[in-house]
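Please open the structure in a viewer and keep the sequence beside it.

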Amino acid sequence: MKKLLSIVILSTTLVGCIQKEIVDDVNLETGSAYDYMGGKIRGTALIPFYLSDKTVENKTFSASSNLSRDFLRDIQRQSSDPLVTGSLKVVLFGERLAKEKGILDLIDSFQRDPSIGARLYLAVTEGEAKSVFKGKYGERGNAIYLSNLIRHNMKSKDVPRTDLQRFMVDFNQKGKSPYLPRIKKLDKENVEISGLSFFRYGHVVDTIPADKMFYFKLLVDKYSQGTLKVDIGKEAAAIESIKSNYKLRLTSRKPLIVQINIQVKAILNEYSGVKITQGKIKKIEKKLEDDIEVECEKLTKRFQSKKTDPVGFGHFIKSKTRGFNFSKWETDYKDLKVNVQADVSITESGVID
(Lines give C-alpha, C1' and ligand atoms only; values in the text may rest on other atoms or scores of the structure.)
Protein backbone atom coordinates (compact mmCIF):
# COMPACT_ATOMS: atom_id res chain seq x y z
CA MET A 1 0.00 0.00 0.00
CA LYS A 2 2.86 2.36 0.86
CA LYS A 3 4.52 1.49 -2.48
CA LEU A 4 1.30 2.27 -4.36
CA LEU A 5 0.91 5.58 -2.49
CA SER A 6 4.50 6.55 -3.37
CA ILE A 7 3.85 5.88 -7.07
CA VAL A 8 0.69 8.01 -7.01
CA ILE A 9 2.54 10.91 -5.28
CA LEU A 10 5.47 10.66 -7.73
CA SER A 11 3.13 10.59 -10.73
CA THR A 12 1.25 13.63 -9.44
CA THR A 13 4.52 15.48 -8.92
CA LEU A 14 5.78 14.68 -12.45
CA VAL A 15 2.50 15.68 -14.07
CA GLY A 16 2.61 18.95 -12.20
CA CYS A 17 6.01 19.73 -13.73
CA ILE A 18 4.74 19.47 -17.31
CA GLN A 19 3.80 22.75 -18.98
CA LYS A 20 0.41 22.28 -20.58
CA GLU A 21 -0.16 23.67 -24.05
CA ILE A 22 -3.71 23.30 -25.34
CA VAL A 23 -3.87 23.56 -29.14
CA ASP A 24 -6.73 26.03 -29.06
CA ASP A 25 -4.77 28.32 -26.74
CA VAL A 26 -1.55 28.60 -28.80
CA ASN A 27 -0.50 29.61 -32.30
CA LEU A 28 1.34 26.78 -34.04
CA GLU A 29 4.13 27.98 -36.30
CA THR A 30 4.16 25.60 -39.29
CA GLY A 31 6.57 27.51 -41.54
CA SER A 32 9.43 30.02 -41.26
CA ALA A 33 10.94 32.28 -43.90
CA TYR A 34 14.14 34.33 -43.66
CA ASP A 35 15.31 37.22 -45.84
CA TYR A 36 18.25 39.63 -45.76
CA MET A 37 16.85 43.15 -45.74
CA GLY A 38 18.64 46.43 -44.93
CA GLY A 39 21.58 44.79 -43.25
CA LYS A 40 19.33 42.70 -40.96
CA ILE A 41 17.66 39.33 -41.17
CA ARG A 42 13.88 39.45 -41.43
CA GLY A 43 12.15 36.40 -40.03
CA THR A 44 8.58 35.51 -40.95
CA ALA A 45 6.44 32.99 -39.08
CA LEU A 46 3.55 31.26 -40.89
CA ILE A 47 0.53 30.43 -38.70
CA PRO A 48 -2.51 28.53 -40.04
CA PHE A 49 -5.91 29.63 -38.74
CA TYR A 50 -8.66 27.05 -39.24
CA LEU A 51 -11.95 28.72 -40.07
CA SER A 52 -15.48 27.47 -39.40
CA ASP A 53 -16.01 26.55 -43.06
CA LYS A 54 -12.99 24.17 -42.79
CA THR A 55 -10.75 26.39 -44.90
CA VAL A 56 -7.35 27.63 -43.73
CA GLU A 57 -6.22 31.25 -43.51
CA ASN A 58 -2.45 31.69 -43.81
CA LYS A 59 -1.38 34.39 -41.32
CA THR A 60 2.18 35.72 -41.19
CA PHE A 61 4.11 37.67 -38.55
CA SER A 62 7.47 39.29 -39.37
CA ALA A 63 10.30 40.87 -37.38
CA SER A 64 13.86 41.96 -38.17
CA SER A 65 16.93 41.33 -36.02
CA ASN A 66 20.62 40.47 -36.03
CA LEU A 67 20.08 37.36 -33.88
CA SER A 68 17.86 34.46 -34.91
CA ARG A 69 16.69 33.90 -31.32
CA ASP A 70 15.25 37.42 -31.21
CA PHE A 71 12.68 36.61 -33.92
CA LEU A 72 10.46 34.45 -31.76
CA ARG A 73 10.55 36.99 -28.92
CA ASP A 74 9.65 39.90 -31.22
CA ILE A 75 6.94 37.98 -33.06
CA GLN A 76 5.37 36.94 -29.75
CA ARG A 77 4.48 40.59 -29.22
CA GLN A 78 2.37 40.49 -32.41
CA SER A 79 0.56 37.25 -31.61
CA SER A 80 -2.65 37.07 -29.54
CA ASP A 81 -1.65 33.63 -28.20
CA PRO A 82 1.71 32.06 -27.34
CA LEU A 83 3.66 31.07 -30.45
CA VAL A 84 5.17 27.54 -30.42
CA THR A 85 7.51 25.91 -32.94
CA GLY A 86 6.78 22.23 -32.33
CA SER A 87 4.75 21.91 -35.56
CA LEU A 88 7.36 23.50 -37.85
CA LYS A 89 7.35 21.70 -41.21
CA VAL A 90 9.30 23.85 -43.65
CA VAL A 91 11.87 26.67 -43.54
CA LEU A 92 12.57 28.91 -46.54
CA PHE A 93 15.70 30.99 -47.07
CA GLY A 94 15.58 33.97 -49.43
CA GLU A 95 18.01 34.02 -52.32
CA ARG A 96 19.93 37.10 -51.17
CA LEU A 97 20.27 35.79 -47.61
CA ALA A 98 21.55 32.40 -48.80
CA LYS A 99 24.15 34.00 -51.09
CA GLU A 100 25.38 37.02 -49.11
CA LYS A 101 24.77 36.33 -45.42
CA GLY A 102 24.68 32.56 -45.34
CA ILE A 103 22.29 30.31 -43.41
CA LEU A 104 24.48 28.44 -40.90
CA ASP A 105 23.59 30.58 -37.86
CA LEU A 106 19.90 30.07 -38.53
CA ILE A 107 20.23 26.34 -39.09
CA ASP A 108 22.28 26.05 -35.89
CA SER A 109 19.39 27.55 -33.91
CA PHE A 110 16.99 24.94 -35.39
CA GLN A 111 19.15 21.95 -34.53
CA ARG A 112 19.54 23.22 -30.94
CA ASP A 113 15.77 23.54 -30.46
CA PRO A 114 14.51 20.23 -28.98
CA SER A 115 10.95 20.96 -30.14
CA ILE A 116 11.99 20.95 -33.83
CA GLY A 117 12.32 17.60 -35.60
CA ALA A 118 15.45 16.62 -37.55
CA ARG A 119 13.27 15.83 -40.59
CA LEU A 120 12.42 19.49 -41.07
CA TYR A 121 12.44 20.44 -44.76
CA LEU A 122 14.65 23.32 -45.89
CA ALA A 123 14.63 25.18 -49.21
CA VAL A 124 16.06 28.24 -50.95
CA THR A 125 13.66 30.55 -52.78
CA GLU A 126 14.00 32.58 -55.95
CA GLY A 127 13.60 36.14 -54.68
CA GLU A 128 12.21 36.82 -51.19
CA ALA A 129 11.18 33.89 -49.04
CA LYS A 130 8.35 35.84 -47.39
CA SER A 131 6.60 36.35 -50.73
CA VAL A 132 6.24 32.58 -51.14
CA PHE A 133 4.18 32.42 -47.93
CA LYS A 134 1.87 35.14 -49.28
CA GLY A 135 0.16 32.78 -51.73
CA LYS A 136 -2.62 30.28 -51.15
CA TYR A 137 -1.67 26.75 -52.09
CA GLY A 138 -4.18 24.00 -51.52
CA GLU A 139 -6.74 23.73 -48.72
CA ARG A 140 -4.56 22.53 -45.83
CA GLY A 141 -2.32 25.56 -45.41
CA ASN A 142 0.81 26.73 -47.20
CA ALA A 143 3.33 24.98 -44.94
CA ILE A 144 1.73 21.58 -45.39
CA TYR A 145 1.50 22.16 -49.15
CA LEU A 146 5.16 23.13 -49.43
CA SER A 147 6.40 20.27 -47.24
CA ASN A 148 4.29 17.79 -49.26
CA LEU A 149 5.64 19.31 -52.48
CA ILE A 150 9.22 18.70 -51.36
CA ARG A 151 8.51 15.23 -49.93
CA HIS A 152 6.68 14.05 -53.06
CA ASN A 153 9.46 15.23 -55.38
CA MET A 154 12.10 13.51 -53.24
CA LYS A 155 10.19 10.25 -53.12
CA SER A 156 9.16 9.84 -56.74
CA LYS A 157 10.72 12.63 -58.81
CA ASP A 158 14.10 14.25 -59.37
CA VAL A 159 14.87 15.95 -56.04
CA PRO A 160 17.53 14.08 -53.99
CA ARG A 161 16.70 13.46 -50.35
CA THR A 162 17.68 16.19 -47.91
CA ASP A 163 16.37 17.77 -44.71
CA LEU A 164 17.74 19.50 -41.60
CA GLN A 165 19.56 16.39 -40.41
CA ARG A 166 21.08 15.52 -43.81
CA PHE A 167 22.13 19.11 -44.41
CA MET A 168 24.04 19.23 -41.12
CA VAL A 169 25.62 15.81 -41.71
CA ASP A 170 26.84 16.89 -45.15
CA PHE A 171 28.09 20.22 -43.79
CA ASN A 172 29.99 18.67 -40.89
CA GLN A 173 31.42 15.85 -42.97
CA LYS A 174 34.77 16.67 -44.56
CA GLY A 175 34.75 16.08 -48.29
CA LYS A 176 31.00 16.60 -48.74
CA SER A 177 28.96 19.72 -49.61
CA PRO A 178 25.27 20.23 -48.72
CA TYR A 179 22.50 21.18 -51.14
CA LEU A 180 18.84 22.23 -50.93
CA PRO A 181 15.89 22.38 -53.34
CA ARG A 182 15.09 25.74 -54.88
CA ILE A 183 11.48 26.99 -54.87
CA LYS A 184 9.97 29.49 -57.27
CA LYS A 185 6.63 31.23 -56.86
CA LEU A 186 4.72 31.18 -60.16
CA ASP A 187 1.61 33.09 -59.08
CA LYS A 188 -0.67 33.42 -56.04
CA GLU A 189 -1.77 29.79 -56.24
CA ASN A 190 1.22 27.95 -57.69
CA VAL A 191 4.85 27.24 -56.82
CA GLU A 192 7.40 24.85 -58.27
CA ILE A 193 10.77 23.30 -57.50
CA SER A 194 12.95 25.07 -60.05
CA GLY A 195 16.34 23.53 -59.32
CA LEU A 196 18.94 22.79 -56.64
CA SER A 197 21.23 25.18 -54.77
CA PHE A 198 24.71 24.11 -53.64
CA PHE A 199 26.52 25.48 -50.59
CA ARG A 200 30.09 26.29 -49.65
CA TYR A 201 30.67 27.35 -46.03
CA GLY A 202 26.94 27.98 -45.63
CA HIS A 203 26.60 30.22 -48.69
CA VAL A 204 24.94 29.36 -52.01
CA VAL A 205 27.65 29.34 -54.67
CA ASP A 206 25.91 27.48 -57.50
CA THR A 207 22.49 26.45 -58.75
CA ILE A 208 21.45 23.92 -61.37
CA PRO A 209 18.11 24.09 -63.22
CA ALA A 210 15.34 21.52 -62.93
CA ASP A 211 16.29 19.69 -66.14
CA LYS A 212 19.67 18.72 -64.61
CA MET A 213 18.25 17.37 -61.35
CA PHE A 214 17.63 13.90 -62.84
CA TYR A 215 21.33 13.43 -63.57
CA PHE A 216 22.42 14.79 -60.20
CA LYS A 217 20.08 12.47 -58.34
CA LEU A 218 21.63 9.52 -60.17
CA LEU A 219 24.98 10.56 -58.66
CA VAL A 220 23.89 10.90 -55.01
CA ASP A 221 20.60 9.08 -54.44
CA LYS A 222 18.55 6.09 -55.54
CA TYR A 223 15.44 6.25 -57.66
CA SER A 224 12.60 4.03 -56.54
CA GLN A 225 10.14 5.70 -58.91
CA GLY A 226 10.49 8.37 -61.55
CA THR A 227 9.72 9.41 -65.12
CA LEU A 228 11.80 10.70 -68.02
CA LYS A 229 11.35 11.68 -71.65
CA VAL A 230 13.97 10.46 -74.13
CA ASP A 231 14.24 11.94 -77.64
CA ILE A 232 15.34 9.60 -80.45
CA GLY A 233 15.58 11.75 -83.57
CA LYS A 234 12.06 12.91 -84.40
CA GLU A 235 10.51 10.36 -82.07
CA ALA A 236 10.19 10.38 -78.28
CA ALA A 237 9.79 7.77 -75.57
CA ALA A 238 8.30 8.12 -72.08
CA ILE A 239 10.20 6.13 -69.46
CA GLU A 240 8.66 5.53 -66.04
CA SER A 241 9.03 3.44 -62.86
CA ILE A 242 12.74 4.23 -62.95
CA LYS A 243 14.86 2.39 -60.40
CA SER A 244 18.51 3.32 -60.08
CA ASN A 245 21.64 2.61 -58.11
CA TYR A 246 25.18 3.97 -58.18
CA LYS A 247 28.61 2.83 -57.03
CA LEU A 248 31.91 4.70 -56.78
CA ARG A 249 35.29 3.04 -57.40
CA LEU A 250 38.74 4.52 -56.93
CA THR A 251 40.55 3.22 -60.03
CA SER A 252 43.77 5.24 -59.68
CA ARG A 253 45.55 7.31 -57.03
CA LYS A 254 48.22 8.90 -59.22
CA PRO A 255 46.51 10.55 -60.96
CA LEU A 256 43.28 10.45 -58.96
CA ILE A 257 40.55 8.75 -60.98
CA VAL A 258 37.09 7.79 -59.74
CA GLN A 259 34.65 5.73 -61.77
CA ILE A 260 30.92 5.96 -61.11
CA ASN A 261 28.81 3.02 -62.26
CA ILE A 262 25.12 3.89 -62.61
CA GLN A 263 22.50 1.20 -63.13
CA VAL A 264 19.04 2.18 -64.32
CA LYS A 265 16.03 -0.10 -64.80
CA ALA A 266 12.80 1.28 -66.22
CA ILE A 267 9.58 0.61 -68.09
CA LEU A 268 8.81 2.05 -71.52
CA ASN A 269 5.36 3.55 -71.06
CA GLU A 270 4.83 5.46 -74.31
CA TYR A 271 6.47 5.76 -77.74
CA SER A 272 5.60 8.38 -80.35
CA GLY A 273 6.61 6.22 -83.32
CA VAL A 274 4.38 3.78 -85.20
CA LYS A 275 5.83 0.57 -83.76
CA ILE A 276 8.20 -0.29 -80.97
CA THR A 277 10.68 -3.02 -81.85
CA GLN A 278 13.52 -4.67 -79.96
CA GLY A 279 15.96 -2.68 -82.09
CA LYS A 280 14.32 0.61 -81.14
CA ILE A 281 14.39 -0.35 -77.47
CA LYS A 282 18.15 -0.89 -77.76
CA LYS A 283 18.48 2.56 -79.34
CA ILE A 284 16.52 4.13 -76.48
CA GLU A 285 18.71 2.38 -73.91
CA LYS A 286 21.91 3.49 -75.69
CA LYS A 287 20.68 7.08 -76.04
CA LEU A 288 19.83 7.25 -72.34
CA GLU A 289 23.20 5.73 -71.40
CA ASP A 290 25.03 8.33 -73.50
CA ASP A 291 22.97 11.18 -72.01
CA ILE A 292 23.64 10.02 -68.45
CA GLU A 293 27.39 9.67 -69.00
CA VAL A 294 27.76 13.05 -70.72
CA GLU A 295 25.53 15.04 -68.36
CA CYS A 296 26.86 13.49 -65.14
CA GLU A 297 30.47 14.13 -66.16
CA LYS A 298 29.54 17.74 -67.00
CA LEU A 299 28.05 18.13 -63.53
CA THR A 300 31.16 16.79 -61.78
CA LYS A 301 33.36 19.21 -63.73
CA ARG A 302 31.00 22.03 -62.82
CA PHE A 303 31.22 21.16 -59.12
CA GLN A 304 35.02 21.11 -59.34
CA SER A 305 35.07 24.58 -60.92
CA LYS A 306 32.79 25.91 -58.15
CA LYS A 307 34.83 24.19 -55.41
CA THR A 308 31.83 22.28 -54.15
CA ASP A 309 31.68 18.52 -53.61
CA PRO A 310 28.02 17.48 -53.28
CA VAL A 311 28.78 13.98 -54.59
CA GLY A 312 31.21 13.48 -51.69
CA PHE A 313 34.34 12.49 -53.63
CA GLY A 314 36.57 13.75 -50.82
CA HIS A 315 34.82 11.65 -48.20
CA PHE A 316 34.85 8.60 -50.48
CA ILE A 317 38.56 8.85 -51.37
CA LYS A 318 39.45 9.42 -47.70
CA SER A 319 37.71 6.15 -46.81
CA LYS A 320 39.88 4.36 -49.39
CA THR A 321 43.21 6.06 -48.65
CA ARG A 322 45.45 5.52 -45.64
CA GLY A 323 46.97 8.75 -44.33
CA PHE A 324 44.65 10.91 -46.44
CA ASN A 325 45.55 14.62 -46.14
CA PHE A 326 42.55 16.97 -46.34
CA SER A 327 44.81 20.02 -46.47
CA LYS A 328 45.82 18.93 -49.97
CA TRP A 329 42.34 17.88 -51.05
CA GLU A 330 41.23 21.22 -52.47
CA THR A 331 44.20 21.20 -54.84
CA ASP A 332 43.76 17.51 -55.68
CA TYR A 333 40.01 17.89 -56.20
CA LYS A 334 40.30 20.29 -59.11
CA ASP A 335 42.51 17.74 -60.91
CA LEU A 336 40.30 14.73 -60.10
CA LYS A 337 39.23 12.73 -63.15
CA VAL A 338 35.70 11.31 -62.99
CA ASN A 339 34.49 8.65 -65.43
CA VAL A 340 30.79 7.77 -65.54
CA GLN A 341 29.58 4.45 -66.94
CA ALA A 342 25.81 3.93 -67.30
CA ASP A 343 23.93 0.68 -67.79
CA VAL A 344 20.28 1.16 -68.77
CA SER A 345 17.82 -1.72 -69.01
CA ILE A 346 14.21 -1.36 -70.13
CA THR A 347 12.52 -4.34 -68.51
CA GLU A 348 9.01 -3.86 -69.87
CA SER A 349 7.73 -2.25 -73.04
CA GLY A 350 4.36 -3.73 -73.86
CA VAL A 351 3.91 -5.54 -77.18
CA ILE A 352 7.08 -5.75 -79.31
CA ASP A 353 7.17 -6.62 -82.99
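Which residue in strand 4 is the bridge partner of A45? Select F61, for F61 is that partner. The model is a predicted one, in which local features need pLDDT of at least 70 and side-chain atom pairs count only at pLDDT 80 or more, while totals for chains, interfaces and linings use all residues. Residues are numbered from 1 along each chain as its sequence is written, and side-chain values use heavy atoms, with hydrogens and water left out. Helices (H or I, at least four residues) and strands (E, at least two) are DSSP runs, numbered from the N terminus.

Strand 2 and strand 3 pair in the antiparallel sense over seven bridges; two strands pair if DSSP finds at least two bridges between them. These two strands form a hairpin with two residues between them, and G38 in the turn has a positive phi of about 55 degrees.

Next, select strand 4. Strand 3 pairs with strand 4 in the antiparallel sense over ten bridges. Their hairpin has five residues between the strands, and K54 takes a positive phi near 70 degrees there. Because eight of its eleven residues are buried, strand 3 is largely enclosed by the rest of the structure. Buried means under 20% relative accessible area, exposed over 50%, and partly exposed in between (1.4 Å probe, protein chains only).

**Second stop: the sheet and its helices**

Select the open sheet of eight strands, whose order is 4-3-2-6-7-8-9-10, with mixed pairing. Strand 4 (56-65) and strand 10 are the edge strands, as each pairs on one side only. From one strand to the next, the twist averages 30 degrees. Angles run from 0 to 180 degrees between N-to-C directions, and axes are lines fitted to C-alpha atoms, for helices over the stretch in contact.

Strand 7 (residues 121-125) and strand 8 (residues 179-187) pair in the parallel sense over two bridges. Select T125 here; T125 stands opposite I183 in strand 8. Then select helix 7 (residues 164-172), which packs on the sheet and touches strand 7, strand 8 and strand 9. Contact means heavy atoms within 4.5 Å. The direction of helix 7 makes about 135 degrees with that of strand 8.

Most residues other than glycine have a negative phi, and most peptide bonds are trans. Select Y201, in the loop between strand 9 (190-200) and strand 10 (203-209). Phi of Y201 is near 55 degrees, a positive value, and Y201 is exposed, with a relative accessible area of 61%.

Move to K307, in the loop between helix 9 (278-306) and helix 10 (313-320). K307 has a positive phi of about 60 degrees although it is not a glycine, and K307 is partly exposed at 47% relative accessible area.

Finally, select K254 and P255: the peptide bond from K254 to P255 is cis, with omega near 0 degrees. P255 is found in the loop between strand 12 (235-253) and strand 13 (256-271).
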